[in-house]
Amino acid sequence: MIKSLQELEEIRKKALEDLEFRKQNGEGIRIVVGMATCGIAAGARPVMLKFVEEVQKRNLQNVTVVQTGCIGMCKLEPIVEVYEPNKEKVTYVKMTPEKAARVVAEHIVNGKPVNEYTIGVEENQ
């Protein structure tokens with residue numbers, strides 16, 4: 001948990017350094033978290049922090065975690081989209097920090113999307 005503005009500024013500075021490093025080393029995987037008011041109200045902030053924590057913990061150099069505005073399906077928030085070079089986008093819905101950790105372990109690290117968290121499965125229920 002972030003305890004001060006100084007700590008938040010240090011995290012921001014480190015994230016910008018990591019982003020610049022990734023830009024210099026080509027395109028990698030992008031994890032995009034919907035952080036509009038609908039997403040934040042549904043719990044997107046702890047989901048995004050969990051993705052950042054997991055990526056840093058595993059020292060994944062080719063992965064960028066970024067935020068965006070409303071993705072357009074507010075009832076399914078928090079929503080996360082994963083973009084990999086030369087692959088179709090995967091959209092995860094109703095995310096939690098626990099689900100985020102699993103997505104990093106199975107999808108980002110091992111290349112196997114967690115189908116049960118995807119929008120396709122949610123829409124068929």
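Ala-101 is placed in helix 4, where helices (H or I, at least four residues) and strands (E, at least two) are DSSP runs numbered from the N terminus. The structure is a predicted model, in which local features need pLDDT of at least 70 and side-chain atom pairs count only at pLDDT 80 or more, while totals for chains, interfaces and linings use all residues. Residues are numbered from 1 along each chain as its sequence is written, and side-chain values use heavy atoms, with hydrogens and water left out.

Leaving aside neighbours within four places in sequence, Ala-101 is in contact (heavy atoms within 4.5 Å) with Lys-50 and Glu-54. Ala-101 and Lys-50 are separated by 51 residues in sequence, yet their C-alpha atoms are 6.7 Å apart in space.

These contacts belong to the packing of two helices. Two packed helices are described by the angle between their axes and the distance between the axes. The axes of helix 3 (residues 44-57) and helix 4 (residues 97-109) come within 8 Å and cross at roughly 30°; axes are lines fitted to C-alpha atoms, for helices over the stretch in contact, and angles run from 0 to 180 degrees between N-to-C directions. From helix 3, Pro-46, Val-47, Lys-50, Phe-51 and Glu-54 meet Pro-97, Ala-100, Ala-101, Val-103 and Val-104 of helix 4. By class, this contact has eight nonpolar, no polar and two charged residues (Ala, Val, Leu, Ile, Met, Phe, Trp, Tyr, Cys and Pro count as nonpolar, Asp, Glu, Lys and Arg as charged, and the others, Gly among them, as polar).

Helix 3 also supplies at least two residues of the lining of the largest pocket, as do helix 1 (5-24) and strand 2 (63-68). A pocket is an open set of points on a 1 Å grid over the protein atoms alone, where a 1.4 Å probe fits, with protein on both sides within 12 Å along at least five of seven lines; lining residues have an atom within 4 Å of a point. Of the 31 lining residues, Ile-11, Ala-15, Leu-49, Val-52 and Gln-56 are the closest to the centre of the largest pocket. Helix 1 provides the largest share of the lining, eleven residues. By class, the lining has 17 nonpolar, five polar and nine charged residues.

Two backbone features occur in loops. The peptide bond from Glu-77 to Pro-78 is cis, with omega near -10°, and Pro-78 lies between strand 2 and strand 3 (80-83). Asn-86, in the loop between strand 3 and strand 4 (90-92), has a positive phi near 65° although this residue is other than glycine.
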